[in-house]
Amino acid sequence: MSQSYNRGLIEDFGRWREFEAGMWAWIFHKFTGWVLIGYLFTHIAVLSTGIPAAGASEAAIMAGEDVYTQTIVSLEGLLLVRILEVGLLAVAVFHMLNGTRLLLTDLGIGLGAQDKSFYASLILTGAITVASVPTFLAGAF
């Protein structure tokens, strides 16, 4: 007869309080990795609209009448796209900083300060993201 272990319900949100910095770092790193993969495929799909522009005349491209230029200009005109770009920056910066933190940890550097380095990467990500908002939203209003 097999024994079973009650692992609790997934709906038992009280368990999230038990997570420490290492678990949150792991969750955020996996999440940001999947977001970056999703962005990559979306980016390729949008750039593929430029294929018809390859046959456009140089005059049409200079006038901005090709499909690719029109797509990019229309997307950049949307406030939602600009906000998503800020989010993409935050995701990429955190993934990069946390990846660097993990690399240093794997090399044995900063083993005793993993929690502090995780919080530092969160704070630095927030600071970079907030500092970039005026640049990304310039001209959107």
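Predicted model: local features only at pLDDT ≥ 70, side-chain atom pairs only at ≥ 80, totals over all residues.
Start with the overall layout. The protein has five helices and zero strands. From the N terminus the elements read α-α-α-α-α. The chain has 141 residues, and 18% of them count as buried.

Now the annotation. The UniProt entry, which is unreviewed, marks residues 79–97 and 118–140 as "transmembrane region". Take the span 79–97. In the model that span is 100% helix and 0% strand. Its end C-alpha atoms lie 27 Å apart.

Residue 79 deserves a stop. Leucine 79 sits in helix α4.

On to the packing. Two packed helices are described by the angle between their axes and the distance between the axes.

First pair: α4 and α5. The crossing of α4 and α5 is right-handed. What residue classes make up the contact of α4 with α5? There are 15 nonpolar residues, eight polar and three charged.

As for hand, α1 passes α4 in a left-handed crossing.

Next, the aromatics. How many aromatic pairs does the structure hold? Five. Take tryptophan 24 with phenylalanine 28. Their ring centres are 5.8 Å apart. Their planes meet at 40°, so this pair is tilted. Why tilted? Stacked needs planes under 30 degrees apart and edge-to-face needs over 60, so a pair between those limits is tilted.

Both residues belong to helix α1, residues 21–47. They are four residues apart, about one turn of the helix. Trp24 is partly exposed, with a relative accessible area of 26%. Phe28 is partly exposed as well, at 31%.

Phe28 has another partner. The rings of phenylalanine 28 and phenylalanine 94 have centres 6.0 Å apart. Their planes stand at 80°, so the pair is edge-to-face. Phe28 lies in α1, and Phe94 lies in helix α4, residues 79–106. The pair therefore ties together parts that are 66 residues apart in sequence. Is Phe94 buried or exposed? Buried, with a relative accessible area of 5%. The cut-off for buried is under 20%.

Now put the rings together. Ring pairs link Trp24, Phe28, Phe94, Phe118 and Tyr119 into a cluster.

To recap. The Phe28–Phe94 pair ties α1 to α4. And both of those phenylalanines belong to the ring cluster. That is the tour.

Conventions
Residues numbered from 1 in each chain as written. Heavy atoms only, no water. Phe/Tyr/Trp six-rings, centres within 6.5 Å; stacked < 30°, edge-to-face > 60°. Helix = DSSP H or I, 4+ residues; strand = E, 2+ residues; numbered from the N terminus. Buried < 20%, exposed > 50% of the residue type's maximum accessible area, 1.4 Å probe, protein only. UniProt positions renumbered as here; feature names shortened; annotations may be inferred. Left-handed = near helix turned anticlockwise from the far one by under 90°. Nonpolar A, V, L, I, M, F, W, Y, C, P; charged D, E, K, R; others polar.
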